[in-house]
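Visitor: I would like to learn how to read a few features of a structure. Could you take me through them one at a time?

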Amino acid sequence: MLLDFALPAHDRKLIPEGRLSGPMPWVIAIILFLTLLVAASGLTLAHAAQQGGQDLARQFTVQIIVTDPFERAAKRAEVTQYLRQVDGIRSVEPLSDASVRKLIEPVLGADILDADIPVPALIDVRFVHAQAQANLRTLRASLRRIAPDVRLDPHSAWMAPFYRLMHMLLVLAGTVFLLLMAATSAVVILAVRSTLNTHRGTLEIMHLMGGTDLQAARLFQRRVALDALWGGFVGFCAAAFVMATLSDQLAAAEPSLLAGVAFPVYGWIILALIPLAVTALAMLMARFTVISALKKML
Amino acid sequence: MRFVPFLALMQSVVEFDNVGLRYGTGAETLTDLSFTLYPGSFYFMTGASGAGKTSLLKLLYLAHRPSRGAIRIFGHDAITLPRNRLPGFRRRIGVVFQDFRLVPHLSTFDNIALPLRIAGIAERELRGPVAEMLAWIGLSERADARPAMLSGGEQQRVAIARAVIGRPEILVADEPTGNVDPEMALRLLQLFSALNKLGTTVVVATHDIHLLRDVEGAQMMRLDNGRLSDPTGSLRYPPKPLVLRN
């Protein structure tokens, strides 16, 4: 099919050299701009979900619920020491009582904290790799021998709804992407049909002189491909500009809020491939439309 | 001892057997056509307007399939011929359309070169023959002109040049001399005659029966209300010269 680009100049003249139909490249450019933005959003979400999911699967918090502050501090030190000896743990960071109070103060209020409500001791633990549930159960059992009231809270548990939402958005982005591809196909089919009607006389002459369906289809494919490439180029440039601007805004925003929200490098390759894929799809649709129409002639 | 038509010993180019053609559900435009065309023959097809000449030509250049009967072209059954094999057969048939049907956005040169390009002839190989043809029809100076810039007669010459450039085995022409002056008409008939001598079977539909005398050995087919007739009343053409055979 790529050889269709290499049609000799004299064969290209069989249908006027102008673009297939005036607005088609621009319609393709607009659709592709939207498609690329949707794809970029999808890729960012997928990247963030993957990164965040991996991070969360490696993190958990140990809670030691002991009323007496001295005993709580002793247990925290004991558990911390134990965890630091466990293989596969990258970091163990016990939080001081002051840090814990600061964390829960916005939720419970300073007055309640001043009323000497016991707060748990917290230890932030990060594994090298994501851990299976069985490993966590084993670890929990070991820790309970040190502190019977210990609790292990995997971060993935409380972030799960958020990541479910991200996955839903990802599915939505994929659906919109497919719908936009369908719209592109429809635009191509309509444009090719219109051009077929305009050049029906020329095609009939070619046909009666022994031209094959494929020869006619190649002429249309080439023009559709050029239109799609042009539209793709414009759409890609516009989308790249928008994404670059958004990236700058993201970088300027509070980093902790948007940690993990970044457009991956491989995403640019995928985005660059989309206009080419749309061109191939447009050529395929043009070929299919022309051959179907010509089959109605003897 | 029996009589055998001596032309029947030759391989026919076209055979029509009891062919009928109707468009949609209307009455038959062509009825019970049976004839055989042999290589190197020259036929004038005459008949009043609406007699079915153009419809018969359409069957000859494979633009339509008949409603009934059998057609053999180049020894193949044209009715059962698969669609994907038709282009190969069409390339062996040159057609001059009554309304010329030149491609409006192509130059004179490109219009004439069209059949060769469709057949996949390389550009360097077709330039010579097309230039020669342009010179022959007297339009070398107008090689770059679009059809809209040509007169009716010039367009007709381009249409004829396009039909003959590929040295077709059958040349079908619908009123090819209708828009040209008598001198050009004679030149065009000489071109057809020259092609005919090289083996091309020529079928010319015309109102002008006087053209018959300009081509040596030409025969006439006459259509009346979609039926083929001849002075002897036979429906089979060409008239059958008979040879005695043991």
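Visitor: What share of the residues of chain B count as buried?

Guide: In this predicted model, 51% of the 246 residues of chain B count as buried. The accessible surface of chain B comes to about 11300 Å², and 51% of that area belongs to carbon and sulfur atoms.

Visitor: Which residues form a nonpolar patch on the surface?

Guide: The patch is made of A:Phe162, A:Leu165, A:Leu169, A:Leu172 and A:Val176, which together have about 410 Å² of accessible area. One of these residues, A:Leu169, lies in helix H7 (residues 155–198) of chain A, and A:Leu169 counts as partly exposed because its relative accessibility is 36%, between the cut-offs of 20% and 50%.

Visitor: How many aromatic pairs are there over all chains, and how should I read one?

Guide: A pair of aromatic rings is described by the distance of the centres and the angle of the planes. The count over all chains is seven aromatic pairs. In one of them, the rings of A:Trp26 and A:Trp230 have centres 6.2 Å apart and planes at 85°, so the pair is edge-to-face. This pair links distant parts of the chain, as A:Trp26 in helix H2 and A:Trp230 in helix H9 are 204 residues apart.

Visitor: What other aromatic pair does A:Trp230 form?

Guide: A:Trp230 also forms a stacked pair with A:Phe233, at 6.3 Å centre to centre and with 25° between the planes. A:Trp230 and A:Phe233 are separated by about one helical turn, because they are three residues apart in helix H9 of chain A. A:Trp26, A:Trp230 and A:Phe233 form one aromatic cluster.

Methods
Residues numbered from 1 in each chain as written. Chains lettered and ligands numbered in written order. Predicted model: local features only at pLDDT ≥ 70, side-chain atom pairs only at ≥ 80, totals over all residues. Heavy atoms only, no water. Buried < 20%, exposed > 50% of the residue type's maximum accessible area, 1.4 Å probe, protein only. Areas by Shrake-Rupley, 256 points an atom, 1.4 Å probe, with all protein chains shown as cover. Patch = residues over 30% accessible without salt bridge, like charges linked within 9 Å, V, L, I, M, F, W, Y side chains within 5 Å. Salt bridge = Lys/Arg side-chain N within 4 Å of Asp/Glu carboxyl O. Helix = DSSP H or I, 4+ residues; strand = E, 2+ residues; numbered from the N terminus. Phe/Tyr/Trp six-rings, centres within 6.5 Å; stacked < 30°, edge-to-face > 60°.
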